[in-house]
Amino acid sequence: MYCKNVGARRADILRKELHVLTALDLLHQYPYRYVDRSKFYTIAQIEDEDTAVQIKGVITEWHPIGIGKAQRISATFDDGAHTCELVWFQGIKYLKLMFNTPYLLFGKPSRFNHEWNFVHPELTPMSKVTPEMTQGLEPMYETSEAMKRAGLNAKGMRQIIAGLMPELKQNGVPDTIGMDVISRYHLMGINEALVNIHFPKDIAHMQQARERFKFEELFYTQLHILRKQKKQEQHIGYAMPIVGERFYRFYRTCLPFELTNAQKRVIREIHTDMKSGRQMNRLLQGDVGSGKTLVALMCSLLATDNGYQTCIMAPTEILANQHFETLSAILRNMPEVRVALLTGSTTKKQREPLHEALRSGQIDILIGTHALIEDEVQFANLGLVIIDEQHRFGVKQRSKLWSKSEQLPHVLVMTATPIPRTLAMTVYGDLSTSIIDELPPGRKPIQTLHYSILRRSSINQFIRQQIELGRQVYVVYPLIKENEQLDLQDLQNGYNALCDTFPEYRISMVHGQMKAKDKDFQMQRFVSGETQILVATTVIEVGVNVPNASVMIIENAERFGLSQLHQLRGRVGRGAEQSYCILLTRTELSKETRQRMDIMVATNDGFRIAEADLQLRGPGDLEGTQQSGLPITLHIASLASDGQILTVARQAAKEILDKDPELSESVNTIYKRQLAHLRNEEGFYSGIS
Ligand code: ADP
Ligand code: MG
């Protein structure tokens, strides 16, 4: 296919900016939205900045402002009833504005000094407006600065793609989905879809075209994942049939409380995998405080009993430290189980003996952070990898761990933020899932309230009232890396204000930049009940357990994401008393922030929160893997909103693989070829194993 209006320079820019190499690639640059050009507006009808509009009118006046490089042109546009300003910063030399000439103005309005204006609008003399221009839906394309400089703005892209249409309509391109699937799932064929995604006949055709391409992306994603999974099912895993001495001894003598039924059930599920002889890939979901750490420990003991080492990987150093301390404490009467810690703070001098002990099998359970992935860390016989709070790990980091054992170790991924099903299916294929759906006994649901900081004095009253009842209070400040100094200043100010307000109480303060010794000291004072209030950054997000602390105040709650808020909230509600979580924010909030607060107030259910998080932020953020975690980049489909299409696409992929797992039959060559093509194109990175 031949592209008109694309010379060497533009071709080069298209390649660099969009990875577009061929005319066909260009056809797969889908519009991100459409403007209804059959609709005409007046200036008075403009509602928001998001909708591009077209207005008929004349230029009544124009003049240059400024000089030299900063010069711009300002013009007044009159629609007969009202006027608005038009502004040009670039290409001023070429701008020809005529008076007394009716124009069709098209562009996105912006609000400036309570007036609407248009920056770089498209102006077409009415005499040149063709009927096609104001018919139906006009596609809008993403463009970059570099593209715009080469005339590849939305209009330029539109023209080039329009130039491809005659040939597409005449000759067509081969379909990338087999005819059987097309007809079975009532999909639009590729040629009709390519025409209608760019220049739709009407809204219904546009939607069908978009649906087809969404389906296609999700279908190939699923085809890839399911095929890999089928291969994986045959992966041999270390067989760990023994439930031995250490496991039983721990259960009988070290366990400080009875396991919940849910804990017992998931341990059984995990053990069934571990003894099966196939490699385990299991996701353990359990809300904050449901007791996952204990499950991790008991599974590690199963591995130990069978002669294998375990490593437990945590996302932060604090969490790794806490796991190490918790496990060491609970195992203090079982010195035969050797636990060690490896983090970024482990010194070189400590590392060497540690590495040696790992290699010679003298360490049973290694707890650590990213430091575990480094190449020098070698195990004698790593049999089980446990990853805590996995949503903060990239896919790449995970798979590096696997390479540390001769065959694939068993993998248990633990998360408190349940992974919405669409995401789990796509990023992890079908990891088997175990769910701890029960909290240890005696906990009351936390009550969550959202206040503006204007209500601070009543909050203070509430704090006093709770402390008088004998409770303790957390006050949490966000800490954002880029701005650490300012954030610490916030924390310090907050601490000072609390000291002034509550001279009668003792207050601890901890943050990540304190010396470990000082931090421990302050924490300890709070844990022992000597201080009534703990002012902290998110260092308390994980692990801290003070059952008597029943109030959590979250300052600047608008700066936290949903799952982080949920994690933080999990620090209270651990004792027998009614607990409260108070979200404090500015008064003026964006719509998205308000929704986030509303969800927190409405539910304690981690699943609902995770779903909402996915909706609000998109999967990239939530997963922390970005889209690069996906086998195939999604350009048009969204894991957040296309769950239904995903389910159907998965079904279609499954049917094909059930009949032909290797895709070796000739009818399926199309899929095999397309998969290889897509993976190449995306610089494919192999997923979980
Ligand atoms: P999470 O699932 O959030 O990691 P933890 O493992 O930190 O939860 O457990 C939360 C708290 O509950 C810890 O103090 C732990 O000792 C306690 N806990 C765990 N299991 C039980 C149980 N079966 N009965 C009572 N308390 C438990
Ligand atoms: Mg935990």
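1. A residue is called buried here when its relative accessible area is under 20%, exposed when that area is over 50%, and partly exposed in between, with a 1.4 Å probe and protein chains only. In this predicted model, 53% of the 689 residues of the protein count as buried.

2. Local features need pLDDT of at least 70 and side-chain atom pairs pLDDT 80 or more, while totals for chains, interfaces and linings use all residues. Residues are numbered from 1 along each chain as its sequence is written, chains are lettered from A and ligands numbered from 1 in the order written, and side-chain values use heavy atoms, without hydrogens and water.

3. The C-alpha trace spans about 90 × 75 × 45 Å along its principal axes. The protein has 23 helices and 22 strands, taken as DSSP runs numbered from the N terminus (helices H or I, at least four residues; strands E, at least two). Among contacts (heavy atoms within 4.5 Å) with a separation of 6 or more, 74% join residues 24 or more positions apart.

4. Helix α10 (residues 292–305) and helix α11 (residues 317–330) cross at roughly 65°, and their axes come within 11 Å. Axes are lines fitted to C-alpha atoms over the stretch in contact, and angles run from 0 to 180 degrees between N-to-C directions. Thr293, Leu294 and Leu297 of α10 meet His323, Leu327 and Ile330 of α11. By class, this contact has 4 nonpolar, 2 polar and no charged residues. Nonpolar covers Ala, Val, Leu, Ile, Met, Phe, Trp, Tyr, Cys and Pro, charged covers Asp, Glu, Lys and Arg, and the others, Gly among them, are polar.

5. Helix α18 (residues 562–569) packs on helix α19 (residues 591–602) at about 35°, with the axes 10 Å apart. This crossing is right-handed. From α18 come Leu562, Leu565, His566 and Arg569, and from α19 Arg596, Met597, Ile599 and Met600. They divide into 5 nonpolar, 1 polar and 2 charged residues.

6. The second largest pocket holds about 1400 Å³ of space. A pocket is an open set of points on a 1 Å grid over the protein atoms alone where a 1.4 Å probe fits, with protein on both sides within 12 Å along at least five of seven lines; lining residues have an atom within 4 Å of a point. Of the 37 lining residues, Val119, His120, Pro121, Glu122 and Asn153 are the closest to the centre of the pocket. Elements that each supply at least two lining residues include β8 (122–125) and α4 (154–171). The lining has 17 nonpolar, 11 polar and 9 charged residues.

Terms used
Points joined across faces, edges and corners; volume = space filled by probe spheres on them. Left-handed = near helix turned anticlockwise from the far one by under 90°.
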